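Q: I have a structure open and have not looked at it before. Can you walk me through it?

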Amino acid sequence: MIGASNHFEVAIATAVMLFGLSSGAALANVAGVLIEVPLMLPLVGFRQRTQHWLGEAL
């Protein structure tokens, strides 16, 4: 988790430095991660609850 957190902060700083604070790239960099993590958690939970449907193929 610590390594991922550091990369996230570096990515935000790089996007802001390259594209400016009010750019869409900087906004997408922040909002993308903040949307992705809460969306992935229910998907993983769904996969774990329905694992018996597909077996161990995935």
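Q: How many helices and strands does the protein chain have?
A: The protein chain has 3 helices and 0 strands. Helices (H or I, at least four residues) and strands (E, at least two) are DSSP runs, numbered from the N terminus. Along the sequence the pattern reads α-α-α.

Q: What should I know about the source?
A: This is a predicted model, in which local features need pLDDT of at least 70 and side-chain atom pairs count only at pLDDT 80 or more, while totals for chains, interfaces and linings use all residues. Residues are numbered from 1 along each chain as its sequence is written, and side-chain values use heavy atoms, with hydrogens and water left out.

Q: What share of the protein chain counts as buried?
A: Of its 58 residues, 10% count as buried. Buried means under 20% relative accessible area, exposed over 50%, and partly exposed in between (1.4 Å probe, protein chains only).

Q: And which residues of α2 are buried?
A: Those are Ala26, Asn29 and Gly45.

Q: How far does α2 reach?
A: Helix α2 covers residues 24–49, which is 26 residues, and spans 37 Å from its first C-alpha to its last. That is close to the 38 Å expected at 1.5 Å a residue; the expected span is 1.5 Å times one less than the number of residues.

Q: What is there at the start of α2?
A: A side-chain oxygen of Ser23 comes to within 3.2 Å of the backbone nitrogen of Ala26. Ser23 itself sits in the loop between α1 and α2.

Q: Is Ser23 buried or exposed?
A: Ser23 is buried, at 16% relative accessible area. Its side chain also reaches the backbone oxygen of Gly20 at 3.0 Å.

Q: Where is Gly20, then?
A: Gly20 lies in the loop between α1 (2–19) and α2. Gly20 is partly exposed, with a relative accessible area of 25%.

Q: What is Gly20 in contact with?
A: Neighbours within four places in sequence aside, Gly20 is in contact (heavy atoms within 4.5 Å) with Ala15 and Ala26.

Q: New topic: how many aromatic pairs?
A: The count is 1 aromatic pair. Phe46 and Trp53 form it, edge-to-face, 6.2 Å centre to centre with 80° between the planes. Rings of Phe, Tyr and Trp (its six-membered ring) pair if their centres lie within 6.5 Å; planes under 30 degrees apart count as stacked, over 60 as edge-to-face and the rest as tilted.

Q: Trp53, buried or exposed?
A: Trp53 counts as exposed, at 61% relative accessibility. Phe46 is partly exposed, at 44%.

Terms used. A polar contact is a pair of N or O atoms within 3.5 Å; within protein, one must be able to donate a hydrogen and the other to accept it, and residues adjacent in sequence count only if both atoms are side-chain atoms.
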